[in-house]
Amino acid sequence: MIAQIVFALILVAAVALFTRNIRRIARNIHLGKPQVINDRKAERWRTMALVALGQSKLVARPVAGFFHILIYAGFVIINLEVLEIVIDGLFGTHRIGAFLGGFYDFLIGSFEVLALGVLLACVVFIARRAIVQLPRFHKPEMKGWPSRDAMIILVTEIALMCAFLTMNAADHALQAHGADHYIQAGAYPVSAAIASTLNLTNLQPSTLIQIERGAWWFHIVGILAFLNYLPYSKHFHIILAFPNVWYSKLEPRTQVSNMPRITGEVKSMMDPSVPPPEPAPARTVAGAEVPERFGAKDVFDLSWKNLMDAYSCTECGRCTSECPANLTGKLLSPRKIMMDTRDRAEEIGQVIDAKGKWEDDGKSLHTRITDEELWACTTCNACTQACPVNIDPVSIIMDMRRYLVMEESRTRPALTGMFNNVENNGAPWAFGPDRRMEWTQE
Ligand code: SF4
Ligand code: SF4
């Protein structure tokens, strides 16, 4: 009974903490500007089924894709087992699902095979990072916490799978002993081999119960702890990948969105009967007024979808490994753009948590992302094409550039002449529109 009470308390605390952190991240995402995305629903569901559920973009790199699918399928399906563990933990039962008979045996057997697959995949992923030293995992933005985070995730998954198999191996041996409470249920293709290799049946039932209970507690407490680690980790993508893909951009990748206010200004300039657009009123975000800006100075000027992108980033670096700017030695890394955006949203969230409202800290997104990075982008969209969860770093880059040009008059020297020409001549060339046809007369 005491074990059940302790388990219930741990479960309630873990769920409460996780809910609090989810609300914090949702609040941070909504620091961004409102944007309505609910068009072409059938296409959105199809894209989500293909890209998020089917992992279609991951298999563009078959080896990594195969192992990722193994981890993804294994982790999702094995977690069905968690449902049984939770019920058993709350009600003091053991293998409550055993009434399913042969189907239960099939489930437990499949979980074990998948657990072994997850273990193998995690070992391969650790080797890719630590031994093979894949370049995309060793770019400057991956130094320190991002690399540690990736290792923590992989080692934790290995530990959880080991606990799961140990628990089953001890259970299998206890079933062979005919121990009380350990009913004959389940099929154990992997853990039976472990039990036999380690001669577990030679151990006393009391020792086996200690091993089984120890692994059971480690497994479930580990899962609940891991759940609460997610909001602080790139692994949060397992929560956001699906909605992020659903809300992803369906227009052609290279289509650049117009700024409605500027479009209105141009229309009014071309046709004096069209009144110039009214400036949008300032938004109130976390108790502070955020004025309308041209482009993006800070996360408040990006859309909520840009911020959801940032929280969905898996830091896999596929975007950076395809980026022509990065490949030719420029500072720009689209992965870093997403990491910086998320870190800035987190930084603002921490100020709001500490002070109860947003107070300007004198920093902005531009404190983290330099002009040099922004201007290195060719807008080729190789990054958006490569991203396995349809993240769009280019729209953030474009909005930050717009801010530089329109609010700060900060451009690259090579572009200054072109911008002046656009402003004075309505075209990038140094000739007025009245001289546009002169070439036909030569
Ligand atoms: S769009 Fe920009 S950031 Fe993305 S791959 Fe091309 S150059 Fe790199
Ligand atoms: S933006 Fe996409 S491709 Fe780039 S690191 Fe993040 S998840 Fe990977």
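**The shell around ligand 2 and its setting**

Reply: Sorted by class, the shell around ligand 2 holds 10 nonpolar, two polar and three charged residues. Here Ala, Val, Leu, Ile, Met, Phe, Trp, Tyr, Cys and Pro count as nonpolar, Asp, Glu, Lys and Arg as charged, and the others, Gly among them, as polar. Before we go on, please keep in mind that this is a predicted model, in which local features need pLDDT of at least 70 and side-chain atom pairs count only at pLDDT 80 or more, while totals for chains, interfaces and linings use all residues. Residues are numbered from 1 along each chain as its sequence is written, and chains are lettered from A and ligands numbered from 1 in the order in which they are written.

So who is in that shell? Of its 15 residues, Cys313, Cys316, Cys319, Arg335 and Cys387 come nearest to ligand 2; a residue belongs here if its C-beta atom, placed from the backbone, lies within 6 Å of the ligand. Two elements give two or more residues to this shell, α12 (318–322) and α14 (334–355). The largest share, three residues, is that of α14. Helices are DSSP runs of H or I with at least four residues, strands are runs of E with at least two, and both are numbered from the N terminus.

Leaving aside residues up to four places away in sequence, Cys383 touches Cys319, Glu322, Cys323, Pro334, Pro393 and Val394, where touching means C-beta atoms, placed from the backbone, within 7 Å.

Of its 45 residues, Val299, Leu307, Tyr311, Cys377, Cys383, Ile397 and Met400 touch the most other members. Such a core is a set of buried Ala, Val, Leu, Ile, Met, Phe, Trp, Tyr and Cys residues joined through C-beta atoms within 7 Å. A residue is buried if 20 or more other C-beta atoms lie within 10 Å of its own, exposed if 12 or fewer do, and partly exposed in between, again with C-beta atoms placed from the backbone. The elements that each supply at least two residues of this core are α1, α2, α9, α11 (304–312), α14, α17 and α18, and α18 gives the most, six residues. Because domain 1 (2–30 + 61–246) and domain 2 (287–428) both contribute residues, this core lies between them. Apart from it there is another core, of 36 residues, among them Ala150, Leu165, Met167 and Trp216.

Those domain bounds come from an automatic or database domain assignment. Over C-alpha atoms, the centres of domain 1 and domain 2 are 37 Å apart. In contact across the boundary are 18 residues of domain 1 and 21 residues of domain 2. On the domain 1 side, α1 (2–29) and α9 (237–246) each provide at least two of the touching residues, and that side has eight nonpolar, four polar and six charged residues.

Just after α2, glutamine 55 takes a positive phi of about 55 degrees.

To step back, the protein chain has 19 helices and two strands. Of its 442 residues, 32% are buried.

Note on methods. Contact = placed C-beta atoms within 7 Å.
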